[in-house]
Amino acid sequence: MSKQLGFLHNSEKCVGCRGCEMACKNEYQIDATPRWRQVFQLREEDFSLPTRMFFSMGCNHCAHPECLRVCPVEAYTKREDGIVIQNHDRCIGCQMCVMACPYDRPQFNPIQKKAEKCNLCYQRIDQGQKPACVAACITGALELVEINDALDQRVGVLKTLPGLPSPKITEPSIRFIGPKQGKQIRRD
């Protein structure tokens with residue numbers, strides 16, 4: 001593999017507007033139930049400076065994707081740029097990928113009776129465009145990046161956030177800039 005594309009999410013910039021979620025739904029006209037990208041609120045008790053902070057997560061296009069490993073019909077493939085593609089036509093709805101993913105990213109569509117997930121807007125990337133979720137982020141909190149050692153060595157870049165599964169399981173292609181840590185100053 002020549003490179004690994006993924007996401008960098010900056011929780012200091014994210015306002016929880018869910019614009020990334022809506023952009024994904026609009027781009028692919030997804031049914032109401034599955035949400036390929038979701039915005040979650042970070043638990044305040046996990047940080048020493050309590051504040052409302054959010055993070056956005058779609059498929060993590062893992063270096064070692066469990067969805068690809070367990071799929072009995074080989075509906076998943078991994079491109080040279082690291083993007084994990086799901087061939088929806090091959091899916092038989094067994095939900096093995098749904099159960100195997102530690103991040104709950106493939107989701108079962110009860111209407112179509114198949115699993116589905118984010119394909120990182122590979123069609124847009126192939127045309128030189130940003131993924132729909134990244135293009136829609138009004139604060140610039142969500143970026144498409146190459147996951148590499150240089151990124152991992154940047155000050156403030158984290159491989160995980162409290163409450164997420166260990167990145168050692170699948171080596172997800174998402175990095176975070178987490179909330180600032182410190183003591184809350186009370187102003188009376």
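Here are a few questions and answers about this predicted model.

Q: Which element of the chain has the highest mean pLDDT?
A: Let's start with confidence: the chain averages a pLDDT of 90, and 89% of the residues score at least 70. Among the elements, strand β2 (residues 38–41) has the lowest mean, at 88. The highest mean, 98, belongs to helix α3 (residues 96–100).

Q: How many disulfides does the count come to?
A: A pair of cysteine sulfur atoms has to lie within 2.5 Å to count. The count comes to zero disulfides. For Cys14, the nearest cysteine sulfur is that of Cys20, 6.5 Å away. For Cys121 it is that of Cys133, 6.0 Å away, so Cys121 is in no disulfide either and the count stays at zero.

Q: Is Cys121 buried or exposed?
A: The cut-off for buried is under 20% relative accessible area. Cys121 has 6% relative accessibility, so Cys121 counts as buried.

Q: Which residues lie nearest the centre of the largest cavity?
A: The structure holds four cavities of 30 Å³ or more, and the largest has a volume of about 120 Å³. Its lining divides into 10 nonpolar, five polar and one charged residues. Of the 16 lining residues, those nearest the centre are Cys14, Cys17, Arg18, Cys20 and Cys137.

Q: Which helices each supply at least two residues of the lining of the second largest cavity?
A: The second largest cavity holds about 90 Å³ of space. Its lining residues include Cys24, Tyr28, Cys121 and Cys133, and by class the lining has 10 nonpolar, one polar and one charged residues. The helices that each supply at least two are α1 (19–28) and α5 (132–136).

Technical notes:
Residues numbered from 1 in each chain as written. Predicted model: local features only at pLDDT ≥ 70, side-chain atom pairs only at ≥ 80, totals over all residues. Heavy atoms only, no water. pLDDT = per-residue confidence, 0-100. Helix = DSSP H or I, 4+ residues; strand = E, 2+ residues; numbered from the N terminus. Buried < 20%, exposed > 50% of the residue type's maximum accessible area, 1.4 Å probe, protein only. 1 Å grid on protein atoms, 1.4 Å probe; cavity = no way out; pocket = protein on both sides within 12 Å on 5 of 7 lines; lining within 4 Å. Points joined across faces, edges and corners; volume = space filled by probe spheres on them. Nonpolar A, V, L, I, M, F, W, Y, C, P; charged D, E, K, R; others polar.
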